[in-house]
Structure formats: C-alpha cells, structure tokens
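User: I would like to learn how to read the main features of a two-chain model, one at a time. Could you take me through them, with the general idea before each case?

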Amino acid sequence: MNIGNIIKVSGPLVVADNMQDARMYDVVRVSDKKLIGEIIELKGDIASIQVYEETEGLGPGEPVFLTGEPLSVELGPGLIQSIFDGIQRPLDIIREKTGDRISRGINIPALDRSRKWHFKPMLKKGESVIGGDVLAEVEETALIKHRILVPVGVSGVIEDILEGDFTVVENICRVKTKEGINNISMLQRWPVRTPRVFKEKLIPKDPLITGQRVIDTFFPVAKGGTACIPGPFGSGKTVVEHQLAKWSNAEVVVYIGCGERGNEMTDVLMEFPHLKDPRSGEPLLKRTVLIANTSNMPVAAREASIYTGITIAEYFRDMGYNVAVMADSTSRWAEALREISGRLEEMPGEEGYPAYLGSRVAEFYERAGRVICLGKDSREGTLSVVGAVSPPGGDLSDPVVQATLRVVKVFWSLEDKLAYKRHFPAINWLMSYSLYLDNIEGFLKKEIGEDFIELRRSAMRLLQEESELEEIARLVGIGSLSDRDRLTLEAARSIREDFLHQHAFHEVDTYSSFIKQHKMLSLIIKYYSESKRALEKGVSFGEIASLKVRESIARAKYIDEHEIEKIDRISEALSQEIESKISGGGKNA
Amino acid sequence: MLKEYLTVSSIVGPLVFVEKIEDVKYGEIAQIEFGDGNIRMGRVLEVSTDVALVQVFEGTRGIDVYKSKVKFLGKGIELGVSLDMLGRVFDGFGRPKDGGPQILAEKDIGISGNPLNPCARNYPSEFIQTGISAIDGLNTLVRGQKLPIFSGSGLPHSKIAAQIARQAKVLGKEEKFAVVFGAMGITFEEAEFFISDFKDTGAIERAVLFMNLADESAIERIATPRMALTCAEYLAFEKNMHVLVILSDMTMYCEALREVSAARKEIPGRRGYPGYLYTDLATLYERAGRIREKPGSITLIPVLTMPEDDKTHPIPDLTGYITEGQTILSRELHRKGIYPPIDVLPSLSRLKDKGIGKGKTREDHSDVLNQLFACYARGREAKELAVILGEAALSDIDRLYSKFSDRFEDEFLRQGEYEDRTIAETLNIGWKLLAIFPKEELKRVREEYLSKYYNKL
C-alpha cells in the first residue's frame with residue numbers, strides 16, 4: 001500500500017496526502033514513531049487523521065502507514081481483571097515495560113500472548129457448528145467461565161478440535177466450511193464501531209439489583225436497560241457508578257473511565273481486589289474489565305474508549321452473561337467529539353458540539369439490550385449501560401444531557417443541594433424516573449412480595465405530599481399544620497433519612513439486599529399507618545413524635561444482612577408502643 | 001547551524017505566521033529575533049507544509065514583518081532543573097528573576113509532561129493537618145490531592161493559601177518538604193505578600209517561586225503553571241520530597257488561553273473559552289498525585305477567583321470536574337467577619353474518606369463530620385425559614401438547629417490566621433457543639449462513639 005505524507009499537524013489532528021488507498025475509520029500509523037491514528041475525513045487523496053497519542057514533535061514530510069483495518073479490539077481469555085487504555089493497550093504491562101509515565105508509540109498486544117489457558121472442548125469432531133456456538137469453557141477467573149465461541153459468520157463441520165493448554169493465538173479447532181478450512185483460535189478481533197451481531201432483541205424483564213435503596217426500590221434499571229446520571233460536580237456521580245460496579249448483580253462489569261480523574265481508576269484498581277462479591281465471596285475484580293482514559297491522556301483516544309468498552313461488553317453478552325457497562329463520563333467523550341469536530345472546521349450545532357452528537361449518543365445506548373445470542377442453544381444475554389453525564393454548571397439543558405435523555409429509560413437526577421446536606425446518594429426522588437417499573441413488576445411480585453409495589457406507591461405518595469406541605473409550612477409556619485399533616489411530614493422525613501439516605505462508605509449500609517429494602521420500607525410505612533391510627537384514636541402528635549422506636553427505625557439500615565430478622569422485632573416493638581399509647585391515651589381522655 | 005527565516009508573513013495578536021519553512025515540528029520552540037537584537041520565545045501551534053503558526057510568549061509588540069528573524073530550535077520548551085532552585089525566584093518562563101546566578105541544570109525536562117499511567121498511581125490516603133478546622137474536620141486534605149480554592153475578588157484566599165503552606169504537616173513524620181508557587185497574573189502586592197510570608201517563616205529556603213505578574217506578558221502565563229509543575233515533579237519524584245504546589249490565579253491563566261484561541265479564530269465553547277479548556281486544565285491538575293514505590297508527592301492547591309462569585313462559570317465548573325473536591329469561600333461569611341470564610345456545605349474533599357478514621361485521624365471522625373454537616377445544613381435552613389416567618393414560627397428543635405449553626409460558624413469555623421489547631425482539638429470542638437442536641441437527634445453517629453464522646457468532653 002501507499003505510504004502517506006503528512007502535510008499539516010494541529011494538535012491531535014494530522015492531515016496527510018498521498019492517501020488514495022485509505023478508507024474511512026481505518027487505522028494508520030503516523031510517522032516513524034508509529035503513533036496510532038484513525039482516518040476521520042477523506043478529500044481526494046488527502047486524509048484527516050485523529051491521532052490517539054501526543055503529536056508534539058511531528059511535522060510535515062513524515063510518513064503515514066496504512067494498516068487497511070478499522071479500529072478493532074482483541075477478544076479472548078485474559079480480558080477480565082485487565083486495565084486497558086482507550087484503544088485497548090494494557091496499562092499494567094505498559095507500566096512494567098516503560099515506567100510510570102505513558103510514552104508514545106507503544107505497541108503491545110491487548111491480550112497476553114504467552115499465557116496458556118486450559119481448553120477443554122464441549123463439542124466433538126464431526127459435529128456441525130454455526131457462528132456463536134460454544135466450543136469450550138475456559139476458566140478465566142473463579143467467577144467467569146470464558147466461553148469460546150465459533151466466530152460470527154463461520155458455519156460448517158468440526159474437522160478437528162484439540163484439548164490442552166494453549167495460548168490465545170494457537171489454533172484449537174478447525175472447521176470445514178463451504179469456503180474451505182477455517183482455523184479457530186481463542187482470540188478474535190472485532191471492529192469497535194460496529195455492534196456485535198445477535199439473533200434477536202427482547203424487552204428487558206428483570207431488574208439489575210444494585211443494593212442501592214433509592215435505585216432498586218424507586219428507580220430501578222432493568223438487566224439490558226439504559227440509565228443516565230447527570231449531575232454537577234460534587235454531587236456524587238462517580239460514587240454511584242462505583243457503587244453499581246461493586247454491588248450490581250451483573251456477572252461481568254466493564255468500567256469505562258472516560259476523561260476522568262486518574263486517582264478514581266487507581267481507587268478501583270486498589271479497592272476491587274479486596275472487595276468481596278456479596279453473592280460468591282470472590283474478589284470483585286474477578287468479574288471486572290477496566291478501560292481508563294484519564295483526563296490527561298490524549299483526547300482522541302477518549303473518543304474511542306467508550307466503543308472499546310462496549311464492544312468488550314457485547315462480547316461477554318454474547319456468551320450469555322448479564323453484563324453491565326459503567327461509562328463515566330459520557331460528557332468527556334462528547335467533548336472529545338467536539339474538539340475533533342472543531343479542528344475539522346465542521347459547522348457546529350449547539351454549544352459547539354457537532355450536529356451528529358445526538359445520533360452518536362443514540363447509537364451508543366442502543367447497543368444495550370436483552371438479546372438471544374447467536375448459536376444453536378439460543379442462550380440469553382443482557383447488556384445494561386449506565387452513563388454518567390457532567391453538564392456544565394449542572395444545567396440539564398446541556399446538549400449532551402438532552403441527547404441522552406431522549407434515548408435512556410432511567411434518569412437519576414443528582415442534585416447539588418442534596419449533596420450539600422450530605423444526603424447521599426443525592427438522587428432527587430421527585431425529578432428522577434424509571435420506565436422499567438412495569439417491566440419488572442412480575443419479578444418483584446414473585447421474588448420480593450406481593451405488597452412491594454403498593455408499599456412503593458405509598459412511600460412515593462408521602463414524598464409527594466411532603467413537598468406540597470413544605471410549601472405551605474414555609475408560608476404559614478409548621479405550627480399551623482394539622483397533626484395529620486405533621487405526621488405525613490414526619491413519615492416522609494423518615495423515608496428520606498432512614499431509607500433513601502445510604503452511606504456508601506459504611507461497611508453494612510453500602511449494600512442492601514432487596515429483602516432488607518422490603519423490610520425497611522414496610523417498617524416505615526407501618527410506622528406511618530399505625531401512627532395515623534393512633535392519631536385517630538386521640539393520641540397527640542407530640543406523643544407520636546417522641547416514640548422510642550423511632551431511633552431503632554433510623555438505625556435499621558445498619559443492621560447486618562445476617563441479622564435481618566431484627567427488623568421484624570423493631571416492627572413488633574412499634575406495634576406494642578403504639579398500642580400502649582392508644583390505651584394510655586384512652587385512660588387520660 | 002539552525003536555519004534563520006526572514007519569512008514572517010503576518011502577525012495577529014499573540015500569533016506569528018512564518019512561511020516557506022522546512023522541517024518544522026509541531027510543539028517546537030521558536031526564537032524570534034527583532035531588528036534591534038531583542039529576543040523572544042514562542043511555540044509552534046500548528047504546522048503545515050509551508051506555514052508555521054507560532055505563539056509568542058512575551059507578546060508580539062515590536063515584532064516586525066520584514067526584519068524579524070525566526071529560528072526553530074528543534075525541541076519543545078524545557079526547564080533546566082536542579083536542587084539549587086530551592087529558595088529562588090523565577091519569571092513565568094523559568095528565568096531567574098531575583099538577581100541571582102543562572103541555574104546550573106542537572107537536566108532539562110520538557111514542560112508538557114507525559115501522562116501518568118493510572119496503574120502507576122498510588123491512591124492518596126495520608127492525612128495532611130492544615131490546622132484549619134473547616135478543612136481538617138470537614139473537607140480533609142490528603143497528600144497527593146488536588147484541592148482548589150474557589151474564591152472571589154476581595155476574599156482572603158491568599159491568606160488561606162499561605163496559612164496552609166505554613167501549617168501543613170503529616171502527623172508524626174519529619175520529611176523533606178517543599179513549596180512551589182506559580183503566580184499567574186497576580187498583582188505585585190499579592191506576590192509580595194507570599195514572598196514576605198515565606199521569608200518571615202523561613203519557608204523561602206524550601207520554596208521555588210515562578211512569578212508572572214499582572215503587568216507581564218499574558219501569553220507567558222500559559223507556560224508558567226507547567227514550569228511550576230515540572231519543577232514540582234522533579235523535586236517530588238526524583239528528589240523524594242513532599243511538594244505543595246500553589247497556583248494562583250487560574251482564572252488569569254484561562255483568559256490567556258482564550259486570548260490565543262480567539263486569535264486563532266477557533267470555534268469557541270462556553271463564554272468564548274476554547275472547547276479544549278477541560279483537557280488543557282486536566283493536563284495541569286492531573287500532574288498532582290503519588291506514584292507507587294516512590295516516597296514523594298505533589299499536593300496541588302490551585303486558587304481561582306470566580307467571576308461574580310459564580311460557581312457555574314466555565315473556569316470553576318471545569319476545574320471542579322477535574323479536581324478532587326473544592327474549598328469554596330463565602331462572601332457572606334466574610335462579611336460577618338469570620339476568618340477563614342470557608343463555606344463548608346458546597347465545599348468537598350473527595351479523598352477524605354480514605355484519609356480519615358482510626359489510625360489516621362480519629363475513629364469518630366467520619367461520623368462526626370457527617371453529623372456536623374447534616375446539623376449545619378438543617379440549621380441554615382431553619383435560619384432561612386426564620387427570616388421569612390420570624391423566629392417564633394420555628395419548632396423547638398429547629399430553634400436548636402438555628403442556634404447550632406450560629407455557634408458552629410463562630411466557634412468551629414472561625415479561627416486565627418496563625419491558629420494551628422490539631423485534629424483532636426477540631427473534633428472536640430465539634431463534639432462540644434453537638435452536645436446541645438439530645439442524643440436521639442444524632443443519627444449519623446454510631447452508638448459506640450456516642451457513648452464514648454457525647455457530652456464527655
């Protein structure tokens with residue numbers, strides 16, 4: 001192929017001529033330093049290239065080498081527990097080879113070529129296979145059995161299949177197809193900008209259980225669903241993303257740190273090996289893939305990082321797993337788009353963002369879903385996406401927020417006012433919504449309890465009434481409210497402080513099982529209904545406000561999952577105390 | 001022999017266009033010689049086959065199209081570093097400004113700095129005691145953190161920054177410590193305040209100062225923080241020192257960036273600032289931190305003045321998205337005569353949770369700070385309500401909260417400029433204030449700490 005010739009360098013954008021063999025979005029190597037770039041515009045034989053590494057020191061006249069391939073990721077055993085940069089270079093190995101700082105032109109394969117994995121076939125010679133069939137399960141970590149799939153588009157008869165320890169590049173199977181013999185290794189490649197293929201898309205039906213009360217109970221996201229968390233800085237986006245990465249019941253988590261703080265990735269790297277998965281007891285890192293393009297790393301790779309992440313996630317989905325992608329933050333990705341678009345001198349849309357921002361955002365979130373995977377066994381996989389958005393000044397009219405809200409089904413609205421009060425997670429319960437409530441109703445009724453939906457409705461009604469009553473109280477003073485209204489305020493306060501508020505760094509409170517959430521919520525609603533009954537029997541609000549059991553209700557969140565029946569005892573104590581108030585009040589009257 | 005070009009074709013604002021160039025690289029440093037022999041420095045911002053666009057750091061005044069000679073030096077901007085830099089004052093471009101001799105550089109380092117591999121970072125977790133209760137108690141600073149001060153014009157941010165520089169220490173350790181100060185566009189008086197404060201306390205011996213004052217070239221400011229951080233990286237990661245970097249004022253830096261962007265006719269982002277402002281600021285702020293297996297650290301305190309005290313202005317906004325929290329100063333507290341006027345509610349330290357608690361500060365720290373925040377927030381709300389409805393309309397408990405918020409501002413926040421409180425003192429003041437509430441109100445504190453500290457001090 002022809003070798004291109006640089007004619008202009010402007011930041012991450014390089015323009016080269018003599019590029020007649022180039023195709024859009026092909027990967028190129030820029031200069032003798034072999035910097036990685038991608039073609040994003042073609043005019044005649046002149047190509048504009050976004051370069052994924054620092055371009056300082058490049059100049060006109062230097063060569064550009066074509067690879068003829070689109071930007072792709074390597075898929076195979078070894079992905080889990082790895083940390084990659086935006087274009088899937090392994091950061092831990094880069095550190096071993098080149099030191100603490102990332103220098104340029106590093107060319108290291110994403111997956112370790114020397115490590116051997118035990119391959120034990122599940123199919124035999126002579127069996128016919130189609131793309132997506134499971135050839136074998138390789139034990140990647142204690143938590144993940146990596147299913148080796150027949151590559152998409154390959155179908156035929158197994159000529160030969162081996163058993164033993166192999167590296168990812170060694171051939172393990174030969175399939176005879178119409179076109180000839182196809183050699184299969186454990187490593188596959190897939191272009192990141194093309195969604196991976198599946199058989200059929202389905203409507204999500206089960207909740208992604210996160211252990212976060214405000215999310216699971218009020219604004220749940222379904223397995224295969226999409227959610228976004230917009231919020232100003234300091235409102236706790238990253239903490240929510242981390243909590244979901246830690247505790248959600250996905251089998252594989254892909255965490256994309258896109259243009260965010262370096263220390264946040266370090267935090268994940270240092271903390272996850274020590275955190276135990278609440279279901280299996282194994283370290284959480286054993287189900288996690290990390291993609292890190294921190295804010296000081298080259299901007300163009302930031303644009304690629306979310307595609308790299310979601311392609312890896314789709315690959316695990318295709319094995320039949322429930323996968324969750326956390327993208328923090330999609331605003332940085334959009335800004336990278338804007339920066340490159342500006343340098344291409346494209347006509348800007350809103351706020352300088354390119355006009356195609358909306359369609360790019362929609363394309364990204366649409367890669368989520370519950371699907372029937374390729375392959376004869378028709379297994380089901382889900383891919384859920386949770387994206388953080390960082391709008392300037394927390395302003396929700398920001399184009400990235402608006403483009404995102406148009407496509408996602410769950411909106412967790414983070415509010416700085418709540419954060420200032422240290423009400424975390426600072427998710428506003430009146431602004432947020434989830435469109436999956438109906439989808440997962442069946443699951444809740446069956447698994448959690450028939451009454452759960454009614455409880456949630458009562459709680460939400462109390463919160464709504466609270467906001468109206470607060471308005472009135474602000475105008476006329478709390479003293480002029482009726483006892484019944486004051487009880488409503490008190491109960492709503494209890495929902496806010498004792499249920500919605502959750503301490504991410506408290507060893508017990510950080511995770512609440514659905515059972516515990518159910519018990520806690522019933523307790524608070526019971527407190528409300530029992531107190532209301534007492535009020536009707538003539539007990540004064542003052543007496544109800546001084547119930548001793550209130551303190552136990554407030555502390556219910558710190559009850560360990562193993563001693564969950566303690567909540568039932570609080571409930572009994574509540575009944576007794578109310579009973580005694582009612583009979584005591586009767587005596588006085 | 002380097003080629004000299006006499007081919008300057010046009011000059012726009014801080015930018016010079018040089019034609020008919022050969023073999024010029026992006027990011028390369030350029031040296032421009034005037035007709036009268038004066039020399040200025042610049043950097044290549046864009047290069048195509050025959051034109052290079054050079055940004056001139058000392059401004060373009062006096063440059064002429066026909067007589068100026070341009071030389072490209074074949075390397076990026078570098079800073080010569082050495083331990084002799086301690087105790088010295090430099091200009092915004094790293095040249096001695098104190099009349100002292102040139103630095104004999106141990107080596108020259110490019111000032112852009114390569115990004116740190118996230119795998120190489122060590123998570124900051126060592127508590128720094130600043131002696132200021134509002135910071136130590138509620139928005140704790142840890143070693144390797146980047147924690148900006150969001151201020152406004154007329155607020156005492158310099159005093160607070162100087163107090164932190166003076167009092168900051170890690171408990172129970174004697175270690176090599178240095179301060180690097182980068183001044184961008186601050187006034188002579190402000191600069192003098194720092195220099196004399198450093199001199200009075202003897203801190204000047206272990207300080208390096210880079211000064212670009214208000215009357216000096218605005219474009220030079222773009223290089224100044226990079227000079228300061230390059231020097232800090234050398235001291236921290238090669239000489240194993242704990243370096244505190246203060247950069248003041250970031251607003252002036254961003255304006256310089258905007259000036260260049262406007263001259264290049266780039267499509268502006270919000271308020272005319274370039275779309276890459278976030279990325280640019282990140283390449284500065286992210287240079288703070290710690291590296292595994294290296295004893296040194298860089299703790300970064302950028303100071304910025306918010307135009308009209310507006311936190312949503314692009315500069316504080318983007319800064320807040322990159323830094324690990326923020327310390328926000330309040331004009332209202334300042335008017336009440338409270339020093340330091342730190343508005344603790346919107347202030348935040350993201351790294352505090354790993355830096356406090358048993359063995360670091362005190363076991364009860366996390367609970368106490370949550371409780372203080374919750375009480376103060378509710379107290380402020382109660383006070384707002386009282387303004388509308390009158391004190392009488394408050395419930396008994398809200399009156400208590402209102403009283404708490406007054407005492408909190410007066411006893412916890414307020415302290416002397418030279419008052420150095422230990423963390424135990426800070427927490428004990430907190431407990432003293434919390435004691436005005438009945439025990440049941442203190443829901444955020446664990447039972448064990450309540451029985452140990454509540455009303456015991």
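**Reading the two chains**

Analyst: The secondary structure of chain B comes to 13 helices and 18 strands, where helices (H or I, at least four residues) and strands (E, at least two) are DSSP runs numbered from the N terminus. The radius of gyration of chain B is 25 Å, close to the 23 Å that the globule rule gives for 457 residues, so chain B is as compact as a globular protein of that length; the radius is taken over C-alpha atoms, and the rule is 2.2 Å times the number of residues to the power 0.38. Please keep in mind that this is a predicted model, in which local features need pLDDT of at least 70 and side-chain atom pairs count only at pLDDT 80 or more, while totals for chains, interfaces and linings use all residues. Residues are numbered from 1 along each chain as its sequence is written, chains are lettered from A and ligands numbered from 1 in the order in which they are written, and side-chain values use heavy atoms, with hydrogens and water left out.

User: What is the radius of gyration of chain A, and how many helices and strands does chain A have?

Analyst: Chain A has 16 helices and 26 strands. Its radius of gyration is 28 Å, which agrees with the value near 25 Å that a compact globule of 589 residues would have. Along the principal axes, the C-alpha atoms of chain A fill a box of roughly 100 × 55 × 40 Å, and the C-alpha trace of chain B spans about 80 × 50 × 40 Å.

User: What percentage of the residues of each chain counts as buried?

Analyst: Buried means under 20% relative accessible area, exposed means over 50%, and partly exposed lies in between (1.4 Å probe, protein chains only). By that reading, 61% of the 457 residues of chain B are buried, and 62% of the 589 residues of chain A are buried. For contacts, meaning heavy atoms within 4.5 Å, chain B has 72% of those with a separation of 6 or more between residues 24 or more positions apart, and in chain A 70% of the contacts between residues at least 6 apart in sequence join residues at least 24 apart.

User: How should I read the interface, and which residues of chain B lose the most area to chain A?

Analyst: The size of an interface is often given as the accessible area lost when the parts come together. Here the area buried between chain B and chain A is about 6800 Å², with carbon and sulfur atoms giving 51% of it; this area is what the two parts lose on being put together (1.4 Å probe), summed over both. Within chain B, Tyr26(B), Tyr321(B) and Lys443(B) lose the most area to chain A, together 12% of what that side buries. The contact takes 82 residues from chain B and 82 residues from chain A.

User: Why is helix α2 of chain B described as largely enclosed?

Analyst: An α-helix has 3.6 residues a turn, so residues three or four places apart point the same way. In helix α2 (residues 157-167) of chain B, nine of the eleven residues are buried, so the helix is largely enclosed by the rest of the structure. Among the buried residues of α2(B) are His157(B), Ile160(B), Ile164(B) and Gln167(B). What covers the buried residues of α2(B) includes α1 (133-138), β11 (149-151), β12 (177-186), α3 (188-200), β14 (242-248) and β16 (297-305) of chain B.

User: Is Asp23(B), with its positive phi, buried or exposed?

Analyst: Asp23(B) is exposed, with a relative accessible area of 60%. Its phi is near 55°, a positive value in a residue other than glycine, and Asp23(B) lies in the loop between β3 (15-19) and β4 (29-33) of chain B. In chain A, phi of Tyr25(A) is near 65°; Tyr25(A) is found in the loop between β2 (13-17) and β3 (26-30), and at 26% relative accessibility Tyr25(A) counts as partly exposed.
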